[in-house]
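Hi,

Here is the structure I promised to pass on.

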Amino acid sequence: MIPGARARGFAKSGILWALLLVFTRVSALASDMTSTLLIGGSKIDVTIESGEMKVSQAELMQWVKSAAEAVASYYGRYPVPHVRIHIIPVDGSGIRHGQTFGYEGGLIKIRVGAQTPAAELANDWMLTHEMVHLSFPSMSDEHHWIEEGIAVYVEPIARIQAKQMNAEQMWVDLVRDMPKGQPQTGDKGLDHTHTWGRTYWGGALFCFVADVEIRKQTHNKKGLQDALRGILDAGGGITHDWELSEALRIGDRAAGTTVLSDLYAKWKDQAVEVDLTSMWKALGIAAEGKRIRVAEDAPLSAVRRGITAPSPSKESSSPAIMPSAVFAGRAVAGSRRAL
């Protein structure tokens, strides 16, 4: 949640999706519109609140579908059985202020500027970020960094695995942004330093270091993705309140290491600065302006590739990421602008 701010085909899914595409633009709607998307066994109810928008209902649903498929790709399934998504039109352009809640199975509220073009929806990372929040248990306030850190780190990897983004762009972004998570003067550890940089990028830095270390210890057979899948499979979704130490212990068990627990013990109460320069070099990443150059003979080049490589679903042929059906265009009486 960033204030202000990544098969077994159903035979009729293509026809149903085509039917959705013929709906006209969502302009001057007299009432809210609700559509339902099925991803594997999960139901996503999407309410588009009344108001004029440049994009169509079909384009908004495609945006939701893409984000859901990315998250399902990363976790092997969609994180919750049922989630409600409220798209709230606002003035201007751009996707803004997503919020994710755990009550009633899951609720995401996200604001979309009325003048936002379809191309901006196609390149959006924020809805994927919000959906990742569904996959991890709710934490107490001092552990907010792990919730945000996972969402920041997993979002681009999920989009890469769903073939919605290329790996080079992710590494360019991480080289540029990961230093924002380093401790500054007066830092007292992740559990006690609640600045924006440490909450979002400090949490992402924790995830990045953990991912690399898990892969080093398991000879690249497992990574953070296995740990996070293990937590979700143990019932650790957003609708449950867990202690962080218990979640990390379960993640460690799934990955076959103690990396998460060990790293947390070191980082929770003290400032730990990461030698990012050495990590980039070991992974074979060299920044060249707004691009990167990769060295395939670097010591951890296989780890770099493994971080973004698709991980097989527990189900055959990746059915979890295929939409079963779309039901579109149900009018809902009354406005929900008060949400």
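A quick definition to start: I call a residue buried under 20% relative accessible area, exposed over 50%, and partly exposed in between, using a 1.4 Å probe and protein chains only. This is a predicted model, so local features need pLDDT of at least 70 and side-chain atom pairs count only at pLDDT 80 or more, while totals for chains, interfaces and linings use all residues. Residues are numbered from 1 along each chain as its sequence is written, and side-chain values use heavy atoms, with hydrogens and water left out.

On that scale His219 is exposed, with a relative accessible area of 67%. His219 sits in the loop between H7 and helix H8 (224-233); helices (H or I, at least four residues) and strands (E, at least two) are DSSP runs, numbered from the N terminus. The phi of His219 is near 55°, a positive value in a residue other than glycine. For background, most residues other than glycine have a negative phi. Lys163 is another one to look at: its phi is near 60°, also positive. Lys163 is in the loop between helix H5 (144-161) and helix H6 (167-177), and at 73% relative accessibility Lys163 counts as exposed.

Now the strands, which pair if DSSP finds at least two bridges between them. E1 (residues 32-39) and E2 run antiparallel, joined by seven bridges, and Leu38 has Lys43 in E2 as its bridge partner. Their hairpin has two residues between the strands, and Gly40 takes a positive phi near 60° there. On to E3 (residues 82-90): E2 pairs with this strand in the parallel sense over six bridges, with Val46 opposite Ile85. To get from E2 to E3 the chain goes through helix H2 (residues 57-75), and this β-α-β crossover is left-handed. (Right-handed would mean that, with the strands pointing away from the viewer, the path from the first strand over the helix to the second runs clockwise.) Strand E2 (residues 42-48) is mostly covered, with six of its seven residues buried.

What about the aromatics? There are 10 aromatic pairs, counting rings of Phe, Tyr and Trp (its six-membered ring) with centres within 6.5 Å; planes under 30 degrees apart are stacked, over 60 edge-to-face and the rest tilted. Phe208 and Trp280 are stacked, because their ring centres are 5.2 Å apart and their planes are at 25°. That pair links distant parts of the chain, 72 residues apart: Phe208 is in helix H7 (residues 196-217) and Trp280 in helix H11 (residues 276-283). Both Phe208 and Trp280 are buried. Elsewhere, Trp145, Phe206, Tyr264 and Trp267 make up one aromatic cluster.

Phe208 and Trp280 also turn up in the largest nonpolar core, which has 92 residues; they are among those with the most contacts inside it, as are Ile44 and Met131. Such a core is a set of buried Ala, Val, Leu, Ile, Met, Phe, Trp, Tyr and Cys residues joined through side-chain atoms within 4.5 Å.

Last one: Thr116, in the loop between strand E5 (107-113) and helix H3 (118-122). Is Thr116 buried or exposed? At 1% relative accessibility, Thr116 counts as buried. Its side chain reaches the backbone nitrogen of Gly94 at 2.7 Å and the backbone oxygen of Gly113 at 2.8 Å.

Cheers

Key
A polar contact is a pair of N or O atoms within 3.5 Å; within protein, one must be able to donate a hydrogen and the other to accept it, and residues adjacent in sequence count only if both atoms are side-chain atoms.
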